[in-house]
Amino acid sequence: MDLSVTPRTGDAAPLAAPMPAPADSARALTVTDRAILRAGVPWVPVSGELHYSRIPRARWGERVRQLRAGGITVASTYVFWLHHVARRGEPRFDGSLDVGAFVDECASAGLDVALRIGPWAHGEARNGGFPDWVQQAPVAHRTDDPGYLALVAEWFGQLAAALDGRARPGGPIVAIQLENELYDRPEHLVTLKRLAREAGIAAPLWTATAWGGAQLPREEVFPLYGGYGDGFWTEPDAPWDDTFRQHYFFTHEWDDPGVGADVRATQGFGETVRDAASPLFPPATCELAGGMATAYHRRPWPVGADVAAVAHTKIGNGSMWQGYYMYAGGTNPGPDLEETHATGYPNDMVRLSYDFHAPIGQAGDLRESSSLLRGQHAFLDACGASLAGLPSSLPDVLPDGVHDRETLRWVVRTDGASGFLFVTTHQPHEPLPPSAPTRFRIGDDLVLPEHPVVLPPGTLARWPFGLRIGDSRVRWATASVLTVLPGPTLVLVAEAGVPVELAIDDEPARVVEPSFEPLSVAGGSVLVLPSAEAPQLWVRSTDSERTLHRTAAELSWDDDSVRIRSRDAEPVVERYEPSTGSWVALAVAPRGVPARISDAAIAPLAAAQHPPDDYGFAGQRHSAPDSDAIDAHAAVFGIALPGWARDPRHDAVVEIDWAGDVGELRVDGRRVDDRFWDGSRWTASVQDLGLLSGDLTLHLLPLAAGSTVWVPEAGAARRAASIGPLLSLDSVRVVSRGPWRAVD
């Protein structure tokens, strides 16, 4: 089967966007309708959300360097008014609330910063991030009501003082987001921008969320979109919603009417109309799903490919800014800071944990999504400058709606002579079948591959065509671009189950066996690595060099050094040397403490009591059990951790495999972490949560047989196999992650 695409041609020259304003111009940043540019070179920012106030200050340096190693270039964060000014007149910017110090930490790691200053933020925070005294004020919130604006001006002044000049053009903060999910009040965004400027807060880029048909002041804010392949904001008995499905298709529609629709209905907004992307700015995102938060009534668990497939389609669609929410999880900095039914919001969220199933979890461990996204980000680093001149062209035959599982999903970004072909055969919940034997026709002259190929389920391909490497031209390759190293060396990664065809210049296409040895071409080389190696590949990019590392351990870095963390005593790290076509083993500093994994000692302290089927409802959505219900019905286990875990050099984590409804970890009776069960492993940091400072108990509430909360497929299968209430503590392991070590 041959599939065809007619590339877009004849596009006009790029048009300058109305940003940055002269007063905001800095860092050689300019914007056109095609791209953001740095010193005249197109740049694809990759922003990853983490919330400094939900992460222990002692972990900030570690997290931002983990972001950097994941290919993130911009650290994005909400500034939650609620966290900083619980009581009027008593702003706090100390400890883990020191936003200025956080910005400095990002800058020291080589990251730019996008500051999302609200004042309303959402982020599953209580009152959307408003302190109670603001929420209760007799004003029209989120409007130009003078009383409300006086409160905002007070807050922006406090924030500006804490930032102490960091939020001025030329500093590390390159973007400021105003409000969040504000749909029909464009004039209010203009007012907020004025108030921020008057307080001393400004940046080259001013952004606003554009989904839900948001009416934005056209020349005042850069519109940013989202993309969630699943979410907690639909009803517990609802099927996988079309607004989630759409993100697994290539399309030129950027709006998403589903994101925040439930909260929108409670905030006094009218009906919105799905809108086209602004012609003034390039397509850009700030909230591609890095995972998903967990509500009591609905508990999505996006796995790695679910996350990576959404990001992959957005690149194919033409995205020139990849932004993730969340990229690193965290913990609410105190009790009663989460969105709840009791505060007038439509969801009961987990009280403390904000793990989000993010690429970097709450405890700091990497998930599968991190390596899949890391490869995409390496591609953007190497090829992003060319993407500005490669518009997205949809195929001649498109899927017949979002329920079509048979039509192959693909797109090209090309100028008619060179570009990249993107293919996806992955979506969650309803897996896609293998493709028919397929070739792709791009324009009149290019057909690839030579032999029709079957694309297995789970394929996320970005194949080059017409790409120049040295004095050679890669006519096409059926392997994904990872990066381009000095030499130049084009690094490709094979797709699982797909033969690699490589066509160079006018030579006949040939089938290439992936290996660790490069293939020589005129003026350069091509390295085709096996698909199984993808999770072990790390591309480090600095202003002066780009290098390829290979290790099964975790790396982190800044501009000056590379570090490694491994559960193994002697991890292997190799760096590829393009000049010799060889891999060189690097020296790793000693671990300092032995690698350890131990089972925790578990002592049953109280048996579970038969739970009720539910704990109340808000509309169709289940309310979470309160503390009294958990105390009345939960099983209680005493957990004794091994003595070696007390040594901070081990940086130990507790891994809990369990099944039930709600889980809480408590120290001396005080809740320090919690989960709504969704089938995933619960990982808790011993140091961050203070798990060795007193009596540690684990409280597990059974999931009632008659409960109708929604859990993912794996959890649903276990639930269906249970007779009566579901409760099981399968294992509690303590693992030494060890210290971060230098790599030379």
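Predicted model: local features only at pLDDT ≥ 70, side-chain atom pairs only at ≥ 80, totals over all residues.
Trainee: Next, peptide bonds. Which peptide bond next to Tyr 325 is cis?

Mentor: To read this one, look at omega. The bond from Tyr 325 to Met 326 is cis, and its omega is near -10 degrees. As for where that puts us, Met 326 lies in the loop between β12 (322–325) and β13 (330–331).

Trainee: And what kind of peptide bond joins Leu 448 and Pro 449?

Mentor: Leu 448 and Pro 449 are joined by a cis bond too, with omega about -10 degrees. Pro 449 has its place in strand β19, which covers residues 446–453.

Trainee: On to helices. At what angle do helix α1 and helix α3 pack?

Mentor: For a helix pair, read the angle and the distance together. Helix α1 (residues 60–69) and helix α3 (residues 99–108) pack at about 40 degrees, and their axes are 9 Å apart. Angles under 35 degrees count as roughly parallel and 65 to 115 as roughly perpendicular, so α1 and α3 are oblique to each other. The crossing of α1 past α3 is right-handed.

Trainee: Which residues make the contact between α1 and α3?

Mentor: From α1 you have Trp 60, Gly 61, Val 64 and Arg 65, while α3 brings Ala 101, Phe 102, Glu 105, Cys 106 and Ser 108. Sort the residues of this α1 and α3 contact by class and you get five nonpolar, two polar and two charged.

Trainee: Let me try another pair. How do the axes of α9 and α10 cross?

Mentor: Helix α9 (residues 304–317) and helix α10 (residues 368–387) have axes that come within 7 Å and cross at roughly 20 degrees. With under 35 degrees as the cut-off, α9 and α10 are therefore roughly parallel to each other. Here as well, α9 passes α10 in a right-handed crossing.

Trainee: Which residues of α9 and α10 meet?

Mentor: On the α9 side, look for Gly 304, Ala 305, Val 307, Ala 308, Ala 311, His 312 and Ile 315. They meet Glu 368, Ser 369, Leu 372, Leu 373, Gln 376, Phe 379 and Leu 380 of α10. This contact of α9 with α10 divides into nine nonpolar residues, four polar and one charged.

Trainee: Last topic: the spaces inside. How many cavities of 30 Å³ or more does the structure hold?

Mentor: There are six cavities of 30 Å³ or more. For each, ask about its volume, then about its lining. The largest cavity has a volume of about 220 Å³. Its lining has 22 residues, and those nearest the centre are Thr 294, Val 350, Ser 353, Asp 355 and Arg 675. The elements giving two or more residues to that lining are β14 (353–354) and β42 (670–676). By class, the lining of the largest cavity is 10 nonpolar, five polar and seven charged residues.

Trainee: And how much space lies in the second largest cavity?

Mentor: About 140 Å³ lies in the second largest cavity. It is lined by 18 residues, with His 122, Glu 124, Glu 181, Trp 233 and Glu 287 the closest to its centre. The classes in the lining of this second largest cavity are nine nonpolar, five polar and four charged.

Key:
Residues numbered from 1 in each chain as written. Heavy atoms only, no water. Axes fitted to C-alpha atoms, helices over the stretch in contact; angles between N-to-C directions. Helix = DSSP H or I, 4+ residues; strand = E, 2+ residues; numbered from the N terminus. Parallel < 35°, antiparallel > 145°, perpendicular 65-115°, else oblique. Left-handed = near helix turned anticlockwise from the far one by under 90°. Contact = heavy atoms within 4.5 Å. Nonpolar A, V, L, I, M, F, W, Y, C, P; charged D, E, K, R; others polar. 1 Å grid on protein atoms, 1.4 Å probe; cavity = no way out; pocket = protein on both sides within 12 Å on 5 of 7 lines; lining within 4 Å. Points joined across faces, edges and corners; volume = space filled by probe spheres on them.
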